[in-house]
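Visitor: Please put the model up. I would like to go through its metal site and one of its sheets.

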Amino acid sequence: MDATAMPMTRSRHSTLRAALLGGLLALLPACGADQGPEPWSVLLVTLDTTRADRLGCYGYGQDTTPNLDALAADGVRFEFAVSTAGITPVAHASILTGLNPPRHGVRVFHGAPGSYLDRTTPTLARILGEAGHATGAFVSAYPASERFGLDHGFDHFDNGAKDSALHTDPEFEPKLGVLRGAGDWQQRRWVPTQRRADAVTDKAIAWLEEQDGPVLQWVHYFDPHDSFLVPPRKFLQRFEARRDGPDRMARVYDADLNFMDHHVGRLLEAYRERGRMERTIVLVTADHGQGLGDHDWEQHRILYREQLQIPLLARWPGGPRGRVVPDLVRNTDLLPTITQLLGLEAPRGLDGQSVVDLLDASGEPRVAYAEALNTLDSHAPGALPERHKDLLFCAVERDWKLIHHVEHPENSELYDLREDPGELVNVLDEHPEEAARLLAFLEESGGMAVRTGEVDPIEEEAARKLEALGYSGDE
Ligand SMILES: [Zn+2]
C-alpha cells in the first residue's frame, strides 16, 4: 500500500483514538508488507549548526547545498521544521527519542537539570535494532557522543575520537574570531574530539559496505559548528571567504555548508551505488541553527528562528517527489514518522507525531516546544546577552511564537510570524490572549518545573573532563 495514504499514528491526547487506530493498524497490512522480504533501511543525517535558510532549497541564493537541494527535489521538504533546543545533545536526544527535553532528560550541556539520556528510554536505535536492523552511528564531535547517552541502542557507535584532528588554515581561522584562541589549542597540543565531513563520511561508507541487510545509520556532521574544522581552500575560495574580507563569518559558514553537502552527496551516492536507495528511508535534518549576527548573536543556545528553524528533508521508496509541506513539524516527529513508514509500533506517549498525515493535508496543526535553561547550565557562555541569561521556554505555532522568560517575565516575547517572520517586533502587550494560550501549553508540558538540586557526581565528572578537553561555554 501507499505509505502516504496511511492513517496517522496516535495522538497522546486521545487514548481512545489511539486504541482505535492501534486496532486498525493491526488489521492493515503493515507498511512492511510492501517492503519485500526485509524492512527498509533508514539513513538519518544530522547537520550540526545548520539553519534552514542557508540551504538552496530553502531559498538561499549562494548554491551552498546542491546535493541536499537535489534530495529535496526528489523527496519531501518540510518548510517549517522546529527543534526543541539550541544545544547539540538536547536536540539530538529529541530526534532519537521523539520526546521533548523535560521527558527525555537531556536538558543542559552540564548541570543539575541533567544531561544524560536514561538507559530505559526507548530510542530509535533500540526500536530498529529489535526489528532486525544493524545499527551504526558515526558522530563527529563530543556534544553528540555517548557522554550524553546518545549511543543507547546502537550496535556500533563511532564517536570520532580516533579521527579527531584540527583542520586549520592561517588564512581563515579562527572562523568566529571569538571565545577561543587557536593558539591555545595548539600550544597545549589538545586535540578536540571532533572530525571533519570527509573523515566521518569515509567511516560511514566503510561500515555500510560491510552490511548486507537492513540498517539504521546515523551520520552526524559538525563542520559549521566549529572554529577549528576549516574546509579545504577550494571551498573557501568558492565563497570568497577571506580572513579580513567582507562578511567573513557568513562566507566561511557557507563554505562549511558546501563542504558538508559535498560529503553528504558522497554518502547518498554510496547508497545508490549499492542499490540501497530504493530500499531506504533518508532523513536529513539539523540539531539547531546559528545566529550569524541576527538578534545580535553569532551562535546558538537561544530560541529565535535562526537557532530553532532547521531543515528537514525526507525521501522514501514510493514516497512523494518534489513535495513541499508548509505545516509546522518538529524534531520529535522524526521517530514516529520512521516507525510508521516501517510499519512498526512507536512507543506510547511520545511528544512527536508522524508527519505522514500532513502529506494529504489531514493532519492537525502542531505546537512546537523548545527550551534553554541558561541559568542552570554551567556550560552557558558568559558572553550570552544578559536578557538570555534566564530560563527560556518557547512555544511555536505556524503563526505565533512565545519566548517566556521565567526569571524575568517582563522580558518575555511574543511574535506574530505572519507579519514578522524574522521575530523582530515583540507584540506581547498587544496580544495577551495569544501569549496566555501559548503559556498554558508550556505549563502543560511540565518543563517549567525544573529540578535545581545539587549537582550530581556524573555532572561534576563531566565538567572536569570538558575543561580538560578545552571546551568552553559555547560547547
Ligand atoms: Zn549542535
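Guide: Two terms come up later: contact means heavy atoms within 4.5 Å, and axes are lines fitted to C-alpha atoms, for helices over the stretch in contact, with angles from 0 to 180 degrees between N-to-C directions. This is a predicted model, in which local features need pLDDT of at least 70, side-chain atom pairs count only at pLDDT 80 or more, and totals for chains, interfaces and linings use all residues. Residues are numbered from 1 along each chain as its sequence is written, and side-chain values use heavy atoms, with hydrogens and water left out.

Visitor: Which helix lies across β10, β11, β12 and β13?

Guide: Helices (H or I, at least four residues) and strands (E, at least two) are DSSP runs, numbered from the N terminus. The four strands form an open antiparallel sheet in the order β10-β11-β12-β13, where two strands pair if DSSP finds at least two bridges between them. The helix across them spans residues 432-445 and runs at about 65° to β12; it is α12.

Visitor: What is the geometry at the zinc ion?

Guide: Donors are N, O and S atoms within 2.8 Å of the metal (3.2 Å for Na, K and Ca); water is not among the atoms, so sites may look incomplete. Here the protein donors are D48 (OD), T88 (OG1), D287 (OD) and H288 (NE2), at 2.0 to 2.1 Å. Four donors count as tetrahedral if all angles lie between 85 and 135 degrees. The angles among the 4 donor atoms are 100 to 124°, and the site is tetrahedral.

Visitor: How many residues apart are T88 and D287?

Guide: T88 is in helix α3 (residues 88-97), and D287 is in the loop between β6 (280-286) and α10 (305-308). The pair links distant parts of the chain, and the separation is 199 residues.

Visitor: Is D48 buried or exposed?

Guide: D48 lies in the loop between β1 (41-47) and α2 (66-73). Beyond its neighbours within four places in sequence, D48 is in contact with residues including H92, Y221 and H225. Buried means under 20% relative accessible area and exposed over 50%, with partly exposed in between (1.4 Å probe, protein chains only). At 0% relative accessibility, D48 is buried.

Key: Four donors count as tetrahedral if all angles lie between 85 and 135 degrees; four count as square planar and six as octahedral if opposite donors are over 155 degrees apart and all others between 65 and 115; anything else is irregular.
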